[in-house]
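Reader: I'd like to learn how to read a protein model feature by feature. Could you walk me through one?

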Amino acid sequence: MDNRENDDILIGKIKYTNCWPMFHHFKPDALSQKASLVTEVPSLLNRRMFEGALDISPVSSFAFGYSAEQFVLLPDLSVSSNGPVNSILLFSRKPPEQIRNGVIALTNTSATSVNLLKIIMEKAYGGSPTYWDSEPDLDLMMANSDAALLIGDNAISASWHNQEFIVTDLGEVWKQWTGYGMTFAVWAVQKSFAENRPELLAEVSRAFQDSKRRSLSDLSSLVEVACNEIGGTRDYWRHYFNNLCYDFNEQMQNGLALYFSYAYEMGLLEHKVRINVWNENMLTRVKE
């Protein structure tokens with residue numbers, strides 16, 4: 001349970017570069033009430049949201065599905081792809097359809113990507129692989145495996161240095177197979193926070209939207225930070241940020257709903273998932 005000692009707004013921030021546009025110009029100090037950012041890997045932010053120890057946070061899509069009744073989602077904010085995502089990558093010695101019953105090493109940092117892979121291997125390729133969990137170390141993962149799944153900055157770095165393995169982008173496979181984009185992270189809000197503090201939530205939502213708009217309208221500062229902190233070229237990072245989708249429109253919601261439907265069908269989720277998106281009409285109704 002939450003053991004919060006004060007009334008500050010606590011907002012989660014994912015460490016990975018794919019979330020940077022929403023946070024690059026987001027200033028907690030500019031909000032009308034004191035707020036703090038809690039920066040962690042997705043698994044820890046997911047857990048803190050489950051426990052009620054954060055008010056608002058990007059969470060992995062699967063984590064939202066696991067506890068959807070506890071949350072509402074902020075509109076038009078996500079980390080999605082409408083094709084290749086460039087950071088959810090399967091490395092293998094043979095094409096994935098040829099190892100559909102093989103051994104696959106899984107990153108231990110993302111349930112969303114792991115379950116996306118399981119859905120693709122079973123539903124798209126008709127396979128039933130054996131899986132094992134590993135630290136995100138490609139050499140270690142491939143020592144006794146037919147394939148290895150890496151995500152985020154680990155996947156990006158491995159793709160730069162890879163000269164041995166076939167690289168399959170799961171966002172691209174999902175798009176080709178289903179016709180939909182794939183959403184990997186959403187911005188979740190504790191339902192109690194949305195109900196009790198709708199005006200403050202509207203302010204936070206607008207601040208995230210403003211950061212996204214400003215970041216994508218001029219990527220130069222984001223690109224410089226990425227080059228300095230992670231490496232790579234300016235061209236790579238400009239393409240990377242431009243290639244991702246940060247909206248959460250109807251098409252993306254439909255793709256995520258299909259992902260949840262497959263996850264439920266395969267027993268990866270114990271219940272069907274309803275996607276509830278908060279909007280400022282709720283604020284109007286509260287005022288009335």
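**Salt bridges, helix packing and cores**

Author: Let's start with one side chain: Arg238 has a relative accessibility of 34%, so Arg238 counts as partly exposed. Keep in mind that this is a predicted model.

Reader: Okay, which residue does Arg238 form a salt bridge with?

Author: Arg238 pairs with Asp235, and their closest N and O atoms are 3.8 Å apart. Both residues lie in helix α11 (residues 234-243), three residues apart, about one turn of the helix. Asp235 has 59% relative accessibility, so Asp235 counts as exposed.

Reader: How many salt bridges does the structure hold?

Author: Seven. One of them is formed by Lys123 and Glu265, where the closest N and O atoms are 2.4 Å apart. That pair links distant parts of the chain, with Lys123 in helix α4 and Glu265 in helix α12, 142 residues apart. Lys123 counts as partly exposed, at 29% relative accessibility.

Reader: Now to helix packing. What describes two packed helices?

Author: Two things: the angle between their axes and the distance between the axes. Here, helix α4 (residues 111-124) and helix α12 (residues 250-265) pack at about 70°, with their axes 10 Å apart. Angles from 65 to 115 degrees count as roughly perpendicular, so that is how α4 and α12 stand to each other.

Reader: Which residues of α4 and α12 meet?

Author: From α4 you get Ala111, Thr112, Asn115, Leu116, Ile119 and Lys123; from α12, Tyr259, Tyr262, Ala263 and Glu265. By type, the residues of this contact divide into six nonpolar, two polar and two charged. The salt-bridge partners Lys123 and Glu265 are both among the residues that meet here.

Reader: Next, cores. What do nonpolar side chains tend to do in soluble globular proteins?

Author: They tend to be buried together. In this model, the largest nonpolar core has 80 residues, and the members touching the most other members are Ile11, Ile56, Leu74, Trp187, Phe208, Phe241 and Tyr259. The largest share of this core, seven residues, comes from strand β10 (residues 182-190). There is also a second, separate core of 11 residues, with Leu89, Ala105, Leu138 and Met142 among them.

Reader: Can we zoom in? Which residues does Ile11 touch, leaving out those up to four places away in sequence?

Author: With that exclusion, Ile11 touches Phe26, Leu31, Ala35, Ser36, Leu37, Val38, Leu54, Ile56, Val204 and Phe208. Ile56 and Phe208 are also on the list of members with the most contacts inside the core.

Reader: Last topic, the backbone. Where is Asp76 found, and what is its phi near?

Author: Asp76 is found in strand β4 (residues 71-81). The phi of Asp76 is near 60°, a positive value in a residue other than glycine. Asp76 is partly exposed, with a relative accessible area of 37%. Asn86 has a positive phi as well, about 70°, although it is not a glycine. Look for Asn86 in the loop between β4 and β5 (88-92).

Definitions and conventions. Residues numbered from 1 in each chain as written. Heavy atoms only, no water. Core = buried A, V, L, I, M, F, W, Y, C linked by side-chain atoms within 4.5 Å. Buried < 20%, exposed > 50% of the residue type's maximum accessible area, 1.4 Å probe, protein only. Helix = DSSP H or I, 4+ residues; strand = E, 2+ residues; numbered from the N terminus. Contact = heavy atoms within 4.5 Å. Axes fitted to C-alpha atoms, helices over the stretch in contact; angles between N-to-C directions. Parallel < 35°, antiparallel > 145°, perpendicular 65-115°, else oblique. Nonpolar A, V, L, I, M, F, W, Y, C, P; charged D, E, K, R; others polar. Salt bridge = Lys/Arg side-chain N within 4 Å of Asp/Glu carboxyl O.
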